[in-house]
There are 2 protein chains.
Amino acid sequence: MTAFSYTVSATDGSARLGQVQTAHGVIDTPAFMPVGTAGTVKAMMSNSVAQTGAQIVLGNTYHLMLRPGADRIERLGGLHRFMNWAGPILTDSGGFQVMSLSKLRKMTEAGVTFQSHLDGSKHELTPEASIEIQRKLDSNITMQLDECPAHTEDKKIIDTSMGLSLRWARRSKDAFDDREGYGLFGIVQGGVFDDLREQSAKGLIDIGFNGYAVGGLAVGEPQEMMFKVLDGLIPHMQKDKPRYMMGVGTPADIVGSVLRGIDMFDCVMPTRSGRTGKAFTRRGDVNIRNARHADDPRPIDEHCICPACKDYSRAYIHHLIKAREILGPMLLTWHNVQYYQDLMAGLRESIGASNLDAFVKRFHNIKSQGDIEQL
Amino acid sequence: MTAFSYTVSATDGSARLGQVQTAHGVIDTPAFMPVGTAGTVKAMMSNSVAQTGAQIVLGNTYHLMLRPGADRIERLGGLHRFMNWAGPILTDSGGFQVMSLSKLRKMTEAGVTFQSHLDGSKHELTPEASIEIQRKLDSNITMQLDECPAHTEDKKIIDTSMGLSLRWARRSKDAFDDREGYGLFGIVQGGVFDDLREQSAKGLIDIGFNGYAVGGLAVGEPQEMMFKVLDGLIPHMQKDKPRYMMGVGTPADIVGSVLRGIDMFDCVMPTRSGRTGKAFTRRGDVNIRNARHADDPRPIDEHCICPACKDYSRAYIHHLIKAREILGPMLLTWHNVQYYQDLMAGLRESIGASNLDAFVKRFHNIKSQGDIEQL
């Protein structure tokens with residue numbers, strides 16, 4: 001078996017090229033993890049996800065514990081076998097979705113009780129319960145349960161919440177069964193306050209995790225504020241552990257975060273956008289619903305290797321989305337996941353070649369030439 | 001270029017093994033044509049459809065003329081290029097959907113005027129217009145416009161309607177541009193009345209078509225009545241032209257019709273059923289929504305080569321369908337289309353080996369052992 005490990009093989013400024021080793025294979029970082037909420041990256045077969053170059057996917061503990069249930073997935077051989085994904089899997093703790101999706105929540109020092117948004121059934125999620133559920137799912141990277149207050153809250157509330165998340169981090173570490181090739185990540189909280197972020201990071205490092213996530217960002221604040229928080233926080237994060245920016249983000253968010261030293265990302269943006277007609281391209285975003293695509297025989301992105309771009313025209317995909325045909329979301333999702341993976345591959349290659357600056361300049365130049373809609 | 005042709009290479013009783021040659025390739029018959037209503041076999045990429053062994057797909061003139069429009073598809077290089085389907089395509093005349101989907105219809109000797117179900121826009125469909133639209137779509141097999149009265153109507157009404165369809169057949173033939181590798185099919189009407197069916201068939205043969213379809217069946221009548229109509233009709237159909245049973249049907253409908261000498265089929269059943277959780281298997285039908293599948297690690301059909309059966313369990317697909325995940329319809333549709341193609345391949349092989357009886361016996365035996373639900 002392989003020990004869970006992280007090694008840096010090159011740096012360029014603060015950006016790092018690295019490899020995370022897990023029991024289910026390696027993750028080359030910077031990495032983007034497509035989100036497979038309920039055990040499926042929506043509208044894609046798992047083999048197709050792997051074909052884009054994705055090495056790790058994310059599963060949502062909240063959704064999976066409610067349906068089909070963690071015990072069932074364990075009986076069926078774990079989430080890898082269940083969803084036919086041979087590579088590494090990261091699961092979140094369930095906390096974020098409890099706060100955003102469930103009904104009648106009650107938060108205490110012990111944990112949170114809530115009612116399922118599916119059938120109203122009552123559940124309790126404690127730091128220990130979350131670890132146990134993620135063990136049943138056989139997640140390679142387990143996330144601690146944390147509290148995610150609104151980023152608009154007072155500093156006092158953010159501070160109190162950060163303290164609770166730290167105590168839950170301790171309990172998560174104690175509950176985690178340290179199996180070979182499996183890791184546990186702590187989550188830095190503290191809102192937009194540099195001192196709280198520093199305190200949170202140091203507290204987590206004292207406990208000791210296999211990696212550290214940045215939580216509570218990408219929740220509606222401007223990009224510059226997000227980057228400012230990262231600028232303050234990164235110096236206090238361990239150099240020899242992977243850094244994971246939760247729920248981020250747009251291509252520009254990712255590029256800016258990689259520049260600042262972030263290694264891992266997840267976001268529903270490529271998949272969710274795909275279902276509503278938005279395509280990410282090397283020349284900017286495309287809203288394929290726009291009437292100007294109705295007669296366009298060109299592919300969405302002539303440099304893209306995905307089936308949507310190899311085999312179909314913008315006119316066809318425009319038609320599919322207008323007609324609400326399932327193939328529309330299927331093709332656009334694949335394309336967007338491919339775009340994100342290509343972006344990460346470009347970032348990794350540039351860091352390895354020590355020309356990340358040039359890559360980033362090109363990235364912003366092309367974007368600022370204007371939306372592909374005008375082309 | 002290849003001339004449009006049909007050759008019989010073997011027979012077994014009334015059943016025929018044949019090949020239809022078109023400008024876009026060969027169709028081995030008996031053949032099942034997956035339905036690609038709006039230019040897409042719902043929830044499948046065109047390459048996946050080809051992977052199941054399907055050699056021809058069907059497009060719906062009514063849907064395509066309204067959205068994205070026949071002129072647009074012509075400008076974009078025809079339906080083959082538009083939907084990335086290199087093989088033959090058959091399109092219906094649009095008449096059936098005008099009657100079942102559109103609003104405010106008015107039928108005259110000239111044709112039918114109707115309002116689009118999408119936006120209320122007014123359209124006219126005449127025999128000549130239908131031929132012209134199908135030419136713009138670049139359909140390899142064009143269907144004549146016909147009238148499809150309810151099968152419960154009086155004989156007098158069926159008779160009158162059949163006469164109109166015959167006159168429209170004549171006009172369709174006159175309007176059809178006889179390009180190399182493209183064919184026009186007439187449609188036999190006459191309800192459940194043997195004399196009307198005979199009269200319709202003879203009238204069409206007098207006009208002369210590249211193939212003959214049986215219309216107005218599989219519209220709610222019992223299977224035995226459908227077979228009885230076929231038994232009466234087949235002796236009056238040409239031996240050296242393909243016979244196409246429109247909108248049929250269940251696996252048992254197809255097997256019974258092939259036994260009686262039918263060569264081509266289309267039906268939304270495999271695709272539509274896939275979207276609602278029904279799987280066809282060698283042991284009978286499976287409703288994957290049934291709770292008994294929730295913990296079942298076995299594939300839907302262990303003899304099936306489709307991705308749903310190779311890579312995923314019944315438990316997983318049950319979960320996908322319950323959770324309304326797009327991957328559920330994607331996998332079940334692929335499986336069902338694969339099942340239908342495997343069924344046709346089995347029929348063709350058995351006719352070629354002159355042991356169709358044994359195949360049919362096995363087919364019915366396995367079915368009567370009971371639903372796979374009990375296994």
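Two residues are in contact if their C-beta atoms, placed from the backbone, lie within 7 Å. That cut-off sets the interface described below for this predicted model.

View 1. Contacts link 32 residues of chain B with 32 residues of chain A. Five elements of chain B give two or more residues each to the side that touches chain A: α3 (70-75), α4 (79-83), α12 (307-311), α13 (314-322) and α14 (327-352). The most comes from α13(B), with five residues. By class, this side of chain B holds 19 nonpolar, five polar and eight charged residues.

**View 2. A rotation relates the two copies.** In chain B, the residue that comes closest to the rotation axis is B:I326, at 3.8 Å (C-alpha).

**View 3. Chain A as a whole has 15 helices and 16 strands.** Its radius of gyration is 20 Å, close to the 21 Å that the globule rule gives for 375 residues, so chain A is as compact as a globular protein of that length. Along the principal axes, the C-alpha atoms of chain A fill a box of roughly 60 × 45 × 45 Å. Of the 375 residues of chain A, 55% count as buried. Among contacts in chain A with a separation of 6 or more, 68% come from residues 24 or more positions apart.

**View 4. An open sheet of three strands in chain A.** The order is β7-β8-β9 (chain A), and the pairing is antiparallel. The edge strands of chain A are β7 (103-107) and β9 (122-125), each pairing on one side only. From one strand to the next, the twist averages 15°. Strand β7(A) is joined by three bridges to β8 (residues 112-115) of chain A. Here A:K103 stands opposite A:Q115 in β8(A).

**View 5. Two hairpins share strand β2 of chain B.** Strand β2 (residues 15-22) of chain B is mostly covered, with six of its eight residues buried. Seven bridges join β2(B) to strand β1 (residues 5-12) of chain B, and the two run antiparallel. One pairing sets B:V8 against its bridge partner in β2(B), B:G18. The hairpin of β1(B) and β2(B) has two residues between the strands. In this hairpin B:G13 takes a positive phi near 65°. Strand β2(B) also pairs with β3 (residues 25-29) of chain B, in the antiparallel sense over five bridges. In β3(B), B:D28 is the bridge partner of B:Q19. The hairpin of β2(B) and β3(B) has two residues between them.

**View 6. A buried strand, β4 of chain B, pairs in parallel.** In a regular strand the side chains alternate between the two faces of the sheet. From β4 (residues 31-34) of chain B, B:A31 and B:M33 point one way. B:F32 and B:P34 point the other way. All four residues named are buried. Four bridges join β4(B) to strand β14 (residues 264-267) of chain B, and these strands run parallel. Across this pair, B:F32 stands opposite B:F265 in β14(B).

Technical notes. Residues are numbered from 1 along each chain as its sequence is written. Chains are lettered from A and ligands numbered from 1 in the order in which they are written. This is a predicted model: local features need pLDDT of at least 70, side-chain atom pairs count only at pLDDT 80 or more; totals for chains, interfaces and linings use all residues. Two strands pair if DSSP finds at least two bridges between them. Axes are lines fitted to C-alpha atoms, for helices over the stretch in contact, and angles run from 0 to 180 degrees between N-to-C directions. Copies are superposed by least squares on the C-alpha atoms of residues with pLDDT of at least 70 in both. The radius of gyration is taken over C-alpha atoms; the globule rule is 2.2 Å times the number of residues to the power 0.38. A residue is buried if 20 or more other C-beta atoms lie within 10 Å of its own, exposed if 12 or fewer, and partly exposed in between; C-beta atoms are placed from the backbone. Ala, Val, Leu, Ile, Met, Phe, Trp, Tyr, Cys and Pro count as nonpolar, Asp, Glu, Lys and Arg as charged, and the others, Gly among them, as polar.
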